[in-house]
Amino acid sequence: MEHGLLISIIYAFISLSVATIWGLLLGGIMMKVVARAHGRFGPPFWQPIIDIIKNNARRTSISHGIMYFLGPVFRIAGGMGTFLFIPFIYGSMVFGNFSFAGDLFLVMYFIFFGQLGMALGAGESGHPYSAIGVARGLSQMTAFELPFALSIISIVIQYGTLNITSIVAAQQGGILHWTLFTNPLATIAALIALQGMNMHNPFSIVIAPQEIPIGPPTEYHSNFLGLLQTNRGLFNIAKLALFMNLYFGGATNLFSMLIKTFGIYMITVIVGASFPRFRTEQSIRFFLGVPTVIGILAVLVTGYF
Amino acid sequence: MENKDKMKLANDGLPEHEKPLFCDARPQTYKPLGKYVEKFLNWARANSLWILGYGTGCGAIELRPLMTARFDMFRWGLAPRPTPRQAGVFVIGGYMSVKTLKRVIRSYEQMQGPKFVIALGSCTINGGMYWDSYNTINRLDHYLPVDIYITGCMPRPEALIAGFNKLKAMIKAQQTDGQNEYARNFDWYKANQKKIVKDWNMPDYNW
Amino acid sequence: MVNPIYIFVIALFSAFLLPVIDKLGRKVTLGVFYLSLTAIFAVTLLWFRAFGEGALIENIFTAGSLPPFSINLRMGTIEAFIMLFVNFGALLGAIYLYGKLLENKVYALMLFLTLIMGVNGLIMTRDIFNIFVFLEITSISLYALIGIKQDARSLGAGFKYIIAGGLASAFLLLGIIYVYRITGNLNLDLIISENPLLLSKGGLIALFLVVVAFLIELKPWPANGWALDVYEAAEPGISAMVASLVAAGMVFVFYKFIPLLPHSWHGMLILFGMLTFVFSNLTGLKQKNARRLLGYSSIAQMGLLMAVLLLVRRFNDAMDIRYALSDIAAALFVNHFLAKAGLFWLSGIINKEKARDWSFNKQPVLVLLFAVFIFALVGLPPFPGFWAKWTLITKLAQYNMIGWIVPIIIGSLLEAAYLLRWFGATIKREQTEQVIIPRYKILPPLLAAIVLVIIFPSFAPYMTGMKTMFFFPLLAAAVLWLLDVMPERMRGMVMILILAAFGWYIYPLAKGIVLIFEFMFIAGGIVISLASLNSARPKQGYWEFLVMLIMSLALIPLAKSSMEFFLAWEFMTVSSWLLILRGKNGEKPALTYIMFSLGAALLILTAFALSFAETGELGLVLLSNLNIYAIPVYILLALGFLVKAAAMGVHIWLPGAYSEAEDEVTPIFAGMMSKISLWGFILLFGYMGNKVLGIFELPVLLGWIGVFTAFFGALMAVFQEDIKYLLAYSSMSQLGYMILSVSLLSHLGWTTALYMSVTHLFFKGMLFLAVAGIVSRIGTTKMYEMGGLIKKMPASFISVLIAIIAVSGVPPLSGFGGKWLLYTALIEKGWYLQAGLSFFAGAIAFLYLFRLIHTIFLGQLKARFREVKEASLWYIVPQFIFVGAIMAISMFPNLILKPIMAAVETQFPSHVNWDGYTVITALGYWNGNAVMMITMGVFMVPLIWLLVRVNMVQKVEQFNIVYAAERPDRPETTHFAYNFFAHYQKAIGFLVKEQITNFWNSVSEWFHSLSATFRHIYTGNGQTYALHIIIYIVVLYSLLGVK
Amino acid sequence: MIKRFFSLIFVVLLALVFLPLVTEIKPLSELGMTSAKYAEDGAAELGAANLVTSVVVTYRGLDTLGEVTVLFITTAGIGFMLRRKTILPEKKRRASEILKSGTSFLLPLIILFGVYIFVHGHLTPGGGFQGGVVIASAIVLLMLSDINMHPDHNILNWLESLSGAFYVIMGILGLILAGGFLDNRFLPLGEFGKIFSAGAIPVIYSLIGLKVGAELVGILNKLGREDK
Amino acid sequence: MTIITILGFLLIIIGLWGMLTRKHLFRIILGFSIIDTGIHLVIVSLGYIKGRTAPIFDADLSPIDAINRIVDPIPSALVLTAIVIGLAVTALMLVYVIQMHRHKGSLEISDYEELKW
């Protein structure tokens, strides 16, 4: 890192802001897209931002305890951290983030940071639905992490490095250099896993709104919820950026980043709009089935042949 | 601040051993922030109305079509929310029996302010066709501060949309403040409520 | 020197005159009686001392003519040795029987004296017909003495005994007369020198008859039902005589005849001895009667001794009387002699028929005696049986008789199974009535136990080159035991001081990887032990075994020879077993634990024996020179360590052992003791490296075992309801990672393993200590009974929180370092699928970790825990020491990574670069410090935002939740905790159906039903027993192939 | 039944085991080395005309001591086993007149004969055991003829104890004064074939005779009693 | 091979058969006694040399040619011991039977089977 601490903090702030706003807008756009598909107008695409302001504008809030209070902090810190460890735009100083601190595995494991904190916070609320939701979420998480991990391993074998920047660098020079084409099996496995990560249909049992009123955050409200919603945008972008970097050649400028993340997110939306919901054990079995086999094949193909 | 003990609620409905399980703080009134800030915030509040849809009566049937492509309530920033904690608008869907009133009070108190109540149909205004029933209440605003009444038996979804839009306008104009009203007249509301609900096994204010 | 004839003279003279002396009063008679026994013992003692000073074997002639024309006796080293114990035992036995002797007619005294004389005669005489006479004197005295207890049972048993004994002596007489007919004389030495004469068909049959008669006297399986009946029904004082004295005489006679036996017979006789050893122990499994159980054990030991007597003839080692016990057979003999007699005596004191009725845990003397005898019989150090087994197995391997190791191991395990089960059950059973101990009855077992302990220096030859410090664990335990009078906390402090001193003492001896292990054991031991100071309640045997465990753990990495290693290993096994046994419901888990541990120990022992066989030395370094036995040694050691690591398939001992041990001990088991298997693997791989068996590279196989252990351990942890079980399975899973990474045989792999093991010590220590603290307050280990404790026990919560973040490997805490190193190392090595599976296992870890923290601390507080206070400081302080350690190494991973990498570099070349705080490998990089900083940074921003608006936050109570517009009923119905991952169970729970537990249970069941089947040959009918003897003779005859 | 069948089979098999002993071993034609030595030197060494006695009392004296011990412990054992209070059986047929008078006539003769046998043990066939048995038979005869007669327990005890003790003392004397334990030559060998010859052999045999007689009487006496 | 030896072995086998098959305690003891007697016969028969005389020196037999004229004296000595010991064991067995009968009132061996397994 050639520049000073303050500069990098400023850069990180810019990077974070762009990502968050884009993430929220992306969510809004998707809502709009779905609404259009339904034949509705749908909410304005900046609706998520209004919601966040509204939630932070709430006059009262209650706290069930320290861990409950800190849960959203963990959550968004996890999102921010995850994002900051991923180089957002290849070759960009501003959007390079803090990827010097660790490699791919750091990112993969930092994802858990926020989830763990959130789960703890939700747990302290004392609401059984939170706990049920967390139990479901964690179970499903273990299942989709397996194909994802296999896919990552396959990529690491393929590129011989854990350094995300190097992986992106290796994909430069044409669309056919993308992992999507050089290692389609790994990409497929990871993309299926992504559906689980995004918790859209058919893997949305975790937040089943009527059965266990949106699961883990059922007791969260006001500015806690505001933080969580902010994180949803940011974290979404972090995941998309990771996938973009790993499978879709990364982004060399802001515009290609917008396009690619939009595209990747579109997949989730299409899948989510087309399928009904899995029960928890069904989704676990699903992820441990075909996607895992694809992941193993990917590892075998790259590693042993 | 007055005497601390007067700030506490008695929670007489609870057995002694359960009292520590519930918060005994009184609801408080809140002052708006600076003028422009509050205006901006009210704009956001008005454009993001999260509904707690409690299907207490037949009115709930009329709430559903709002979500369909035909009425599409989302375009006004309305969205259903499954938990009172996150919702800002309580839509009372019709007549209130004694049994549901208790739940409605509890849910209302669990919502975070600023919070609004929209009451649907004649039943909430004067009891409607159930006005002499042994089991329903006649005037909802004796028990909760109601911001908007929508008349009809039942009101059509269009009426609801009109009601919501009225509510939005009132919020933006800072004309409605049910939360503070409830806090100010808390003892009166509570006395009315307890008159109706005999088995009051909840704390006096459900945080 | 006193002529040994005087032994006969004394015995006979007083025996003959006792009826007359008795007229003067029973006290006088008894005086003469004990005086005679003492005199006899004194004579043998003199002889034994003389041989110790180098006296020569002496032949004693009678009747003024030389053998073979007259009967002669021989007093040699072996004779003196055996007689020393026989006459010592006789004296003790007589003391034990004091009460009976006082109340019975004078005949009992006479019979006792003639019995002793008979045994002495059997040992000394060199004339085969004279042997017959002495045998009859012994037997007839015994027959009569069995009648000391006059009830139908003991009479029936005695009658069966007479029938069997009569048959045996009939065959003996026939044999003797034919031996005489063929060789023309009766002198054993002459017959031996004219052995060829006996090699004719008739001669062999005559010899066979003689031998088979003594075999029957040795009670071979299955022709031994009568002996069992005697052991069971006779007065225990007499049973003790039968099991020790008489057996000693018979064994020695058999020993005398060995030179006569044709070589072709040896194998078959050894086999029959081994069969007796294995099958008697097998049959013992099902036995419920205490004395009959001892009977089975005696018979088994006799079988082993017989086999060993034949086996050791091939070792051609000269016996040195000064270290008489350096002879395997002698050590086995002494061990059995004292322990078995002691147990029979004990059984007489306790006087309960059923083994399960024994209970005396409030009488420390009895406990101590029982422990000494049982441990001696099982062959635990420092008792003679341990040394005997060690030498026997090493020698067997050395002389290329590996096959015989198998029955020895199986038999030993079976014997250990029922003896230790008995021990555990007895110690754990609450004593309801005082056992009355007559002073004269407790003296003999006490003396026997003392002798068992103090003959320890006799094993000096085994210990040549061994460092004294390997006995420090025992010493420390003894010191703490002697300090029993001190207040309990003081004793704990002393123990910690001892540990610290010991650490200071061994610090110069350790470097590199060893130092890391020593650090874990000593420092970890001290910190964790602090928690045990929480209560001032007296804890008998707690500190003793704790210090023994920790010190032996610390000694294992320091071992230079396999002997040192194995000794420390056994100390560790025993002390940890006893600690588990101390737990409230520790009986069953302790048994499972000790069975697996002993099995592992025997595997390791066999491996060392093989290594010794090939290299001829005990040094562990020589493992690297192995060639012929390399693969078997490798596999055996690996298996042994896998059992200790509770790898998949052999893990079933672990959950019970961890969770039933006392709460303060479990962190030591999980954090420290489990690591010893890691040390084992480091030793194994360090010396032997990679080995290939067929197409399998063994480390790869081990790696797979490791990763499956990690996976299944985690999965099983997910489904536990008991917090300690959960943590136990979690430890198993973590050990799996360590096995996996150490099997990588690369710099990064070993670094990973060591890094993980250090951090694992920290966080498992925290978790188990936190759990201990919680359990100490709320008194349950079921997670669903807890909940909402965060407000009551914030400090414990913080420590658990830090620990689970560290365990799960979430950055920025130190656990991530382990994961990162692991995956990097795995991918670097090309173990991709393993990496995938271990990632999955790591993900599953989240499930149980969240469940752990959620169901204890979060959710709803139960009404009955509303007044619970934070755990005592004794628990909190060590936890926060670990918290500090974890935070330190999370912030500055170099603190620990650099030394580990440097240590590992002595084994493997390093490919790791450092850039400030960044570790850079060929694959990736990690800067723990930066991650920590960034995490703290991004954590602060939203936190500040929330704190700005903290004023509007209303703090609420636990029932202020949205509960579908209702109010929660009770915390119990609101706390979601039981069967937390039900859907997970539904989805992949089938993977952890209790198949392995079922497998081991069915192994146990199978052995038990086998035992039940075999013991049905003992129908209780004297005639059937006689038939057994005839069948045995015919079968043995045909198998020996007498031609 | 099945047990009987097995018994039959295995007894027959055992007989087959023994068969070579009968078929392979030819009848003795020469003395073995030990007995040849006895035949050559036994008489001269020990001065006893009866070679068997030399072997029994001296050469294999330890066996004999053992043998005496066996008898001794048998009486002790029987006494020990039957240690409950016993009485003589009540219903007992009175002895016939012939038995009574025969007894009173034969008794001294038999005792005399017994004494003769053990005193001449070193010269003629017989010896302590045989003599003792003969004496015992006389006592048995006495007991049969007179139901009220039973031998004095004390006398038997003393007899047994003292004769046994003296036997042991003889052995020690041999050890101290002559070549070894139970060596008979600490007394003069005397003239071959005469009654006072063969050193201590007649003494020992007399002691054995007394002891055996006393013990056998004791055994029979005890076995003949019944429960109270 | 002499007829006495064969007779001895025959007795042993017969005694054994009796011991193994008779249920009555006294008969078992009897069987044992028969075995004993058989063994004694075998012992004596093994010392016998055809046409020789007893090893007692008298007018007819002088020590000088004894070696060629006497039978083996040792078996005779041994059998003496064996007989006495046999007697002792038999006596003890009988006492046992008496006591057993006293305690249980039965003389069948199959009634003494409570100790087993």
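This is a predicted model: local features need pLDDT of at least 70, side-chain atom pairs count only at pLDDT 80 or more; totals for chains, interfaces and linings use all residues.
Residues are numbered from 1 along each chain as its sequence is written, and chains are lettered from A in the order in which they are written.

| Domain of chain C | Residues |
|---|---|
| Domain 1 | 5-458 + 1031-1040 |
| Domain 2 | 465-939 |

The C-alpha centres of these domains are 46 Å apart. Their contact (C-beta atoms, placed from the backbone, within 7 Å) takes 22 residues from domain 1 and 22 residues from domain 2. On the domain 1 side, helices H16 (384-398) and H17 (405-428) of chain C are the elements that give two or more residues; helices here are DSSP runs of H or I with at least four residues, numbered from the N terminus. H17(C) gives the most, with 12 residues.

A nonpolar core is a set of buried Ala, Val, Leu, Ile, Met, Phe, Trp, Tyr and Cys residues joined through C-beta atoms within 7 Å, where buried requires 20 or more other C-beta atoms within 10 Å of the residue's own. The largest such core has 665 residues, and Val251(C), Val547(C) and Leu92(E) have the most contacts inside it. Helix H7 (residues 152-183) of chain C supplies the largest share, 21 residues. Because domain 1 and domain 2 of chain C both give residues to this core, it lies between them.

Notes: Domain bounds come from an automatic or database domain assignment. Two residues are in contact if their C-beta atoms, placed from the backbone, lie within 7 Å. A residue is buried if 20 or more other C-beta atoms lie within 10 Å of its own, exposed if 12 or fewer, and partly exposed in between; C-beta atoms are placed from the backbone.
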